[in-house]
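Hello,

Here is the structure I promised to pass on. Please open it first, then read my notes below.

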Amino acid sequence: MPEGDTIWRTAAALRRRIAGKVVLDARPASIGRLKGRHVLGVEPTGKHLIMRFEGDLALHSHMRMKGAWHVYEPGERWRQPEHRVKAVLAFDDVVAVCFAAPVVELVADPRRTVAHLGPDILREPFDIDEVLRRTRLSGNATLGELLLDQRVCAGIGNIYKCESLWMHRLDPWASPASLDDEHLASLFQTARTLMRESLVGRGFNQRRAVHARASRPCPRCGGPVRIRAQGEQARLTYFCPRCQPSPASSQ
């Protein structure tokens, strides 16, 4: 699933190419009302993308696992097949194509679309106090599930969940109630720092400690990295059982 930093980069790329331009064609028919309208802005919120158009219309897309926006020159060959296309916006010198996103919809009030989300992990300023408040009300059973709960903090994905917990030597299955506000705030701030480093191109994705490294040695202790499904959605959690012991195993 695209993480928040990917959505921010996508929004920036689209903004550079289409902001202020007029839509010459829009398909499928469900978004045809965008034809002839200027693009007023492209805004990321967590893992959601909002394109705002004149006339109080917005195009909301959510990439989920496999969705992506591409930008092409007119006539350029697309890198994905036609049957995966969910939306096409054609301009005079560029074509924006959304592939495989399960959510692509016109909305009149984009604020309502993302109202359920917690503070965006990449937004400035970052409202950590609101994140902590939502954490205590969320009822999440484990730290791993907490970090992925977009209602608490929007934008963190599986990569940064795993890496942040490893950096703090925290068991992904520990209860959020086991940490005080100071330690919880530090955990979220670590995820934010890692994601901002990735956003500015410092290459964090090239030096992951545990994510996608099952059975390989932990770079800190040399023990084997493990993988285990977690939560109702069975997201795969990578962790080092030696560096991130459960409270029971450390007694």
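Does Gln-244 count as buried or exposed, and why? The model is a predicted one, and in it Gln-244 counts as buried, because its relative accessibility is 1%. To find this residue, go to the segment that follows β10 (235-239). Its side chain has a partner there. The side chain of Gln-244 reaches the backbone oxygen of Leu-170 at 2.8 Å.

Two other residues are worth a look.

Start with Glu-197. Helix α6, residues 181-199, holds Glu-197. Its relative accessibility is 18%, so Glu-197 counts as buried too; the cut-off for buried is under 20%.

Then take Trp-78. Look for Trp-78 in the loop between β5 and β6. Trp-78 counts as partly exposed, because its relative accessibility is 22%. Val-97 is 19 residues from Trp-78 along the chain. The C-alpha atoms of Trp-78 and Val-97 are separated by 8.7 Å.

Arg-27 has Val-88 in β6 as its bridge partner.

Another open sheet of 4 strands runs β2-β3-β4-β8. Its pairing is antiparallel. Here β2 and β8 (103-107) are the edge strands. Each of them has a single partner strand, so one side of each is left without a neighbour in the sheet. The twist in this sheet averages 15° from one strand to the next. Inside the sheet, 6 bridges join β3 to β4 (residues 57-62), and the two run antiparallel. Opposite His-48 you will find His-62, in β4.

Last, the pockets.

How much space lies in the largest pocket? About 640 Å³. Its lining is made up of 23 residues. Glu-145, Leu-148, Asp-149, Gln-150 and Gln-233 lie nearest the centre. Helix α4, residues 143-148, gives the most to this lining, with 3 residues. By class, the lining of the largest pocket has 4 nonpolar, 11 polar and 8 charged residues.

The second largest pocket holds about 150 Å³ of space. Which residues line the second largest pocket? They are Glu-43, Thr-45, Ile-50, Arg-52, Ala-108, Asp-109, Pro-110, Arg-111 and Val-114. Strands β2 (39-45) and β3 (48-53) and helix α2 (110-113) are the elements that give two or more residues to this lining. The lining of the second largest pocket divides into 4 nonpolar, 1 polar and 4 charged residues.

Best wishes

Technical notes: Residues numbered from 1 in each chain as written. Predicted model: local features only at pLDDT ≥ 70, side-chain atom pairs only at ≥ 80, totals over all residues. Heavy atoms only, no water. Pairing = 2+ DSSP bridges. Buried < 20%, exposed > 50% of the residue type's maximum accessible area, 1.4 Å probe, protein only. 1 Å grid on protein atoms, 1.4 Å probe; cavity = no way out; pocket = protein on both sides within 12 Å on 5 of 7 lines; lining within 4 Å. Points joined across faces, edges and corners; volume = space filled by probe spheres on them. Nonpolar A, V, L, I, M, F, W, Y, C, P; charged D, E, K, R; others polar. Polar contact = N/O pair within 3.5 Å; in protein donor to acceptor, adjacent residues only side chain to side chain. Axes fitted to C-alpha atoms, helices over the stretch in contact; angles between N-to-C directions.
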